[in-house]
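Subject: Structure handover

Hello,

Here is the structure I said I would pass on. Please open it and keep it beside this message while you read the notes below.

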Amino acid sequence: MHRIIFLGPPGAGKGTQAAELAHRLGIVHLSTGDILRAAVAQKTELGQQADGFMRAGQLVPDDLVLGMLKERLTQPDCRGGFLLDGFPRTIPQAEALDRLTEIDRVVSFEIPAPTLIERLSRRRICPKCGTNYNLESKPPRVAGRCDLDGAELVHRPDDQPGPIETRLKVYRDQTAPLLEHYRRQGRLHPINASGSPADVGARIRKALQ
Ligand code: AP5
């Protein structure tokens, strides 16, 4: 069974690689960012509470995210393994996860900040199916339209310069300390996340062997 965490700064390519690896391994891909964005779009109570934090590039409070994650992780489809993308992001989240389940490997994405800013400012997503594009590295076939369903692509509100800067600072202050948490547990596998998605994917598979 695979119980994997992808840890890394915003724009490092976690979502891109998680979708591919979870498919390859036949495990559930759990992105707390995607779950929260769906809640915002559906205007659920959780979504309404999370919306302002997300737009500003701040973390959603731990109690909200933990409640959501615990509920999701205890569903039957996670029994065969899971890949956590964007969770945990704070020490209290990591400690709560340690109490909830065993984790096998933590892959940490290492990449310079200027590359992150470039990737995030050029990202576009399909609001209908969630497919991720990049104006530079993965442009849609027809400008501004999703290849799969033709929906008009959107620029995430937190992919604007101000929120990007906030997210990078939040990562340094609140999430980077998790590297030491998992290093001490002997579960940390750092990978170089620069280069093409295919190269990064190959490095991740090697780290997980
Ligand atoms: P979340 O959605 O998790 O955002 P993030 O961690 O900031 O990560 P991103 O989705 O921005 O980047 P990514 O690493 O997945 O990169 P991607 O593959 O898309 O969280 C959003 C918000 O939700 C948070 O700010 C917070 O408010 C809230 N939240 C979520 N989880 C939370 C938690 N646990 N606790 C509290 N709050 C939480 O790639 C980026 C771009 O680069 C794409 O355009 C892609 O096509 C391109 N790209 C990818 N790989 C490559 C490559 N190798 N070469 C060139 N381009 C590439």
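A residue counts as buried when its relative accessible area is under 20%. Thr 175 has a relative accessible area of 4%, so Thr 175 is buried. Please keep in mind that this is a predicted model.

Thr 175 belongs to helix α7, which covers residues 161-175. What does the side chain of Thr 175 reach? The side chain of Thr 175 comes to 2.8 Å from the backbone oxygen of Arg 89. Leaving out residues up to four places away in sequence, Thr 175 touches Leu 7, Pro 88, Arg 89 and Val 170.

The ligand is surrounded by 34 residues, and Arg 89 is listed among the closest, together with Thr 16, Gln 58, Arg 123 and Arg 167. An N or O atom in the side chain of Arg 89 is 2.5 Å from an oxygen atom of the ligand. Backbone atoms take part as well: a polar backbone atom of Gly 15 is 2.8 Å from a ligand oxygen, and a backbone N or O atom of Tyr 133 lies 2.8 Å from an oxygen atom of the ligand.

The ring of Tyr 133 has a neighbour of its own. Lys 138 lies over the face of Tyr 133, at 5.2 Å from the ring centre.

Next, the aromatic pairs. A pair of aromatic rings is described by the distance of the centres and the angle of the planes. How many aromatic pairs does the count give? The count comes to one. Phe 6 and Phe 109 form this pair, with 5.0 Å from centre to centre and 65° between the planes, an edge-to-face arrangement. Phe 6 sits in strand β1 (residues 2-7) and Phe 109 in strand β4 (residues 105-110), so the pair links distant parts of the chain, 103 residues apart. Both Phe 6 and Phe 109 are buried.

Last, the cysteines. A disulfide is a covalent bond between the sulfur atoms of two cysteines. A search of the whole structure finds zero disulfides. Cys 129 is partly exposed, with a relative accessible area of 38%. Cys 78, at 4% relative accessibility, counts as buried.

Regards

Note on methods:
Residues numbered from 1 in each chain as written. Predicted model: local features only at pLDDT ≥ 70, side-chain atom pairs only at ≥ 80, totals over all residues. Heavy atoms only, no water. Phe/Tyr/Trp six-rings, centres within 6.5 Å; stacked < 30°, edge-to-face > 60°. Helix = DSSP H or I, 4+ residues; strand = E, 2+ residues; numbered from the N terminus. Buried < 20%, exposed > 50% of the residue type's maximum accessible area, 1.4 Å probe, protein only. Lys NZ or Arg CZ within 6 Å of the ring centre and 35° of its normal. Disulfide = S-S within 2.5 Å. Polar contact = N/O pair within 3.5 Å; in protein donor to acceptor, adjacent residues only side chain to side chain. Contact = heavy atoms within 4.5 Å. Near = heavy atom within 4 Å.
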